[in-house]
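Have a go at each task before reading its solution.

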Amino acid sequence: MYGARTFRPPMSAKRARTKRSTCVRFESILAPSFLHSQTMKNHFKDLCRNCSLLILVCGALLLSTLPFQCALAESDRQLTLDDVKKFLDPKDLAPAEREWLTGKVKAETGLENPRPMPKKQQRKISKAFENGSASEYSVQDLIDAGVFTFRPISNVHPKAPTSDEDKSLLNRDGKDIEVENIVWGKKLVPATMNYGVMHSTEDGYADAAKTIDIWNKDCSEGKRSSSTPFVLGRCLHGRDILVTADFEKRWQRHCSSKLTAKPNVVNWNSIGVEMEHSTEKNIDYTKAETKEAARLWTYIQQRAKLSDNNIVTHGELQGHLPKDHKSYRTDPEGFDWDLFAKEIIRLRKRNKYEPAASDSSSIKTKPQLAIEKASGKN
Ligand SMILES: [Zn+2]
C-alpha cells in the first residue's frame, strides 16, 4: 500500500488543490461524528469528486423510487382487521390513507360504502326488499338504500381457483361444473352462482359484526378463515343483514369443496348465508331473524335464479362425515323451518313469483322440502 502511494505520478498543483478541498469538506461533515482513525481519514481523502457525486446520485435515485416501492407493496397486501376498522371509522385518517382504503376495499370486495341516494328511492327499495320484490336491485343498491350494512371482508376470491387440486374439482365425478362465466386470472367478472348454502354461525357471539371481525382477525394472522357474503344478525333492533362482499363478483370459502355429499356444490359456485345462532350457548334465532332470512333468501333466489332444489344446508353437504371429523357439520342447527318456509310462500304469493323449476331427478333438499310442506305440496 505504502509503496503504491510512493510511485504514484505527481499531481498538478491545481488538481491537488481541488482534490484536497473536496475531501476536506467531505471529511469535515463526517469525520467528527464517527471517523477518528487516521487510516479512515486517509481513505476519505482518496475519494475523488466524481466518486462522491456518483454516490450522491445513486442514493438520490434509490430514495426517489421508495414511495413507488412502498405503494406497490401496499397495493398487493391483504386487508387486515385494522384496515377494516379504519375503513368503518375513517374520521382520523389522512386523506391519502382514506383514499387508499376506499380503493382497496372496493377492489377486494366489489362494494363500497353507501353512496348518496334520495330518501324516496331508499324507501322504495327498502319496501321492495320487505315485500320480496327487490331482485332488480344490486347488492350495492341495497347498501345505498340502508337495507344491507357493509362490513368488508379480506379473504374473498375475485377469480376461480388456480391450484391444480382445486382445478381437478371442476371435473370430479365426471360432472362438468358450469364455469364459462368464471374468468381465470385477475379479471373481475362474475362467476355463475348456481347454489345457495344455508349456515348458522354456532360461534356464540350472537353478533354478526363480531363474527365478521373474527374472520378478518384470523385472516390478518395468516390463518385459513371461511366467510360468507351475508351474515344475518338476530335483528334485535331492526334490520341486521351484514354484507361482506358482492356475491355476483366474488366467491368465498364457506364449505368443503372436497368432502361434500353434493359434488356439484363448491365454494366458487355457491352463495353462503350465515345466521347468528349457537346451540352450545343457548343463543336461539329470533322470529325477526327467521323472517328476515326468508326475505334475504327470496332476494338471493330471484337475483341468482336458483331453484328450491339448488338451495341446500351446510349440514346436507357435510353431515355424512363421521361425527369426530373436523369438517362434520349439521348447520343451520335448531332452525324454525316452518316459520321460514311460511314466510317464503307468503312473499311468493304476494309477488306471484315462481322460482326456476327444480331438477326432479335430484334428491330433495331440506329447504325445498320445507317450502313444499308450507305450500301444501307434500
Ligand atoms: Zn356452516
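**Exercise 1. Work out how exposed Lys 86 is, then find its salt-bridge partner.**

Step 1: Lys 86 has 27% relative accessibility, so it counts as partly exposed (buried means under 20% relative accessible area, exposed over 50%, partly exposed in between, with a 1.4 Å probe and protein chains only).

Step 2: The partner is Glu 97, with the closest N and O atoms 3.1 Å apart. That passes as a salt bridge, meaning a side-chain nitrogen of Lys or Arg within 4 Å of a carboxyl oxygen of Asp or Glu.

Step 3: Lys 86 sits in helix α5 (residues 81-88) and Glu 97 in helix α6 (residues 95-109), so the pair ties together parts eleven residues apart in sequence. Helices here are DSSP runs of H or I with at least four residues, strands are E runs of at least two, and both are numbered from the N terminus.

Step 4: Glu 97 is partly exposed too, at 31%.

A word on the ground rules: this is a predicted model, where local features need pLDDT of at least 70, side-chain atom pairs count only at pLDDT 80 or more, and totals for chains, interfaces and linings use all residues. Residues are numbered from 1 along each chain as its sequence is written, and side-chain values use heavy atoms, with hydrogens and water left out.

**Exercise 2. Trace the salt-bridge network that includes Arg 239 and Arg 346.**

Step 1: List the members: Lys 127, Glu 130, Arg 239, Glu 292, Arg 295, Glu 343 and Arg 346.

Step 2: Take Arg 239 and Glu 292, whose closest N and O atoms are 3.3 Å apart. Arg 239 is in the loop between β3 (230-232) and β4 (241-243) and Glu 292 in helix α11, so this pair ties together parts 53 residues apart in sequence. Arg 239 is partly exposed at 29%, while Glu 292 is buried at 4%.

Step 3: Now Arg 346 and Glu 343, at 2.9 Å. They are three residues apart in helix α13, so about one helical turn separates them. Arg 346 is partly exposed at 41%, and Glu 343 is buried at 6%.

**Exercise 3. Which residues coordinate the zinc ion?**

Step 1: The donors are His 199 (ND1), His 314 (ND1) and Asp 331 (OD), at 2.0 to 2.1 Å. Donors are N, O and S atoms within 2.8 Å of the metal (3.2 Å for Na, K and Ca); water is not among the atoms, so sites may look incomplete.

Step 2: Their sequence spacing reads H-x114-H-x16-D.

Step 3: His 199 is buried at 1%, and Asp 331 is buried at 5%.
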